[in-house]
Amino acid sequence: MSSRVRYDSGMTRSKIAISLPKDQLVRVHREVRAGRADSVSGYIARVLEEEERRQSLRALLRDLIEQHGEPAAEDIKWAERALPARRG
């Protein structure tokens with residue numbers, strides 16, 4: 001399965017108008033032309049979904065730290081060795 005989330009045109013939608021700085025709009029159109037997004041709406045929906053996922057993960061992390069405390073230094077070192085580096 002592709003890591004790229006595709007905009008589901010079957011979901012309930014509402015039409016809105018937004019204003020973006022010109023450089024952001026250029027970027028969105030570039031993503032659509034390159035095939036990394038189906039449409040401007042699809043691109044924006046995907047970015048919002050990614051942000052919701054990040055917020056959900058942050059909340060989970062806060063809950064885990066609250067329940068179990070901060071990770072120990074040795075745990076962080078283990079994770080740095082065991083997990084692949086993040087790609088920018």
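Predicted model: local features only at pLDDT ≥ 70, side-chain atom pairs only at ≥ 80, totals over all residues.
Which residue forms a salt bridge with R36, and how far apart are the closest N and O atoms?

**Figure 1. The salt bridge between R36 and E31.** R36 pairs with E31, and the closest N and O atoms of the two are 3.0 Å apart. E31 sits in helix 1. Its relative accessible area is 14%, and because buried means under 20%, E31 counts as buried. R36 has 38% relative accessibility and is partly exposed. Apart from neighbours within four places in sequence, E31 touches R36, A37, Y43 and R46.

**Figure 2. Overview of the chain.** The chain contains 3 helices and 0 strands. Read from the N terminus, its elements follow the order α-α-α. Of the 88 residues in the chain, 7% are buried. The chain exposes about 8,200 Å², and 53% of this area is supplied by carbon and sulfur atoms. Among contacts with a separation of 6 or more, 47% come from residues 24 or more positions apart. A search of the whole structure gives 5 salt bridges.

**Figure 3. Helix 1 and the residue that follows.** Helix 1 covers residues 22–33, a run of 12 residues. From its first C-alpha to its last the helix reaches 16 Å, close to the 16 Å expected at 1.5 Å a residue. Both L25 and E31 are placed in helix 1. L25 is partly exposed, with a relative accessible area of 35%, whereas E31 is buried at 14% relative accessibility. After helix 1 comes G35, which has a positive phi near 80°.

**Figure 4. A nonpolar patch on the surface.** Four residues, I16, I18, L20 and L25, form this patch. Together they have about 360 Å² of accessible area. L25 is the member to look for in helix 1. Its relative accessible area of 35% makes L25 partly exposed.

**Figure 5. Helix 2 along its length.** Helix 2 spans residues 40–68. It has 29 residues and reaches 42 Å from its first C-alpha to its last, close to the 42 Å expected at 1.5 Å a residue. G69 follows helix 2 and has a positive phi, near 85°.

Figure 6. In sequence G42 is 10 residues from V32, and in space the two are 8.9 Å apart, C-alpha to C-alpha. R46 is also buried, with a relative accessible area of 12%.

**Figure 7. The salt bridge between E50 and R46.** The side chains of E50 and R46 meet at 3.5 Å, N to O. Both residues belong to helix 2 and are 4 residues apart, about one turn of the helix. An α-helix has 3.6 residues a turn, so residues three or four places apart point the same way. How exposed or buried are the two partners? E50 is partly exposed at 28% relative accessibility, whereas R46 is buried at 12%.

**Figure 8. A network of salt bridges.** E51, R54 and R58 are linked by salt bridges into a network. In one of these pairings, R58 bridges to E51, with the closest N and O atoms 3.8 Å apart. R58 is partly exposed, at 42% relative accessibility. E51 is partly exposed too, with a relative accessible area of 27%.

Terms used:
Residues numbered from 1 in each chain as written. Heavy atoms only, no water. Buried < 20%, exposed > 50% of the residue type's maximum accessible area, 1.4 Å probe, protein only. Helix = DSSP H or I, 4+ residues; strand = E, 2+ residues; numbered from the N terminus. Expected span 1.5 Å × (residues − 1). Contact = heavy atoms within 4.5 Å. Patch = residues over 30% accessible without salt bridge, like charges linked within 9 Å, V, L, I, M, F, W, Y side chains within 5 Å. Areas by Shrake-Rupley, 256 points an atom, 1.4 Å probe, with all protein chains shown as cover.
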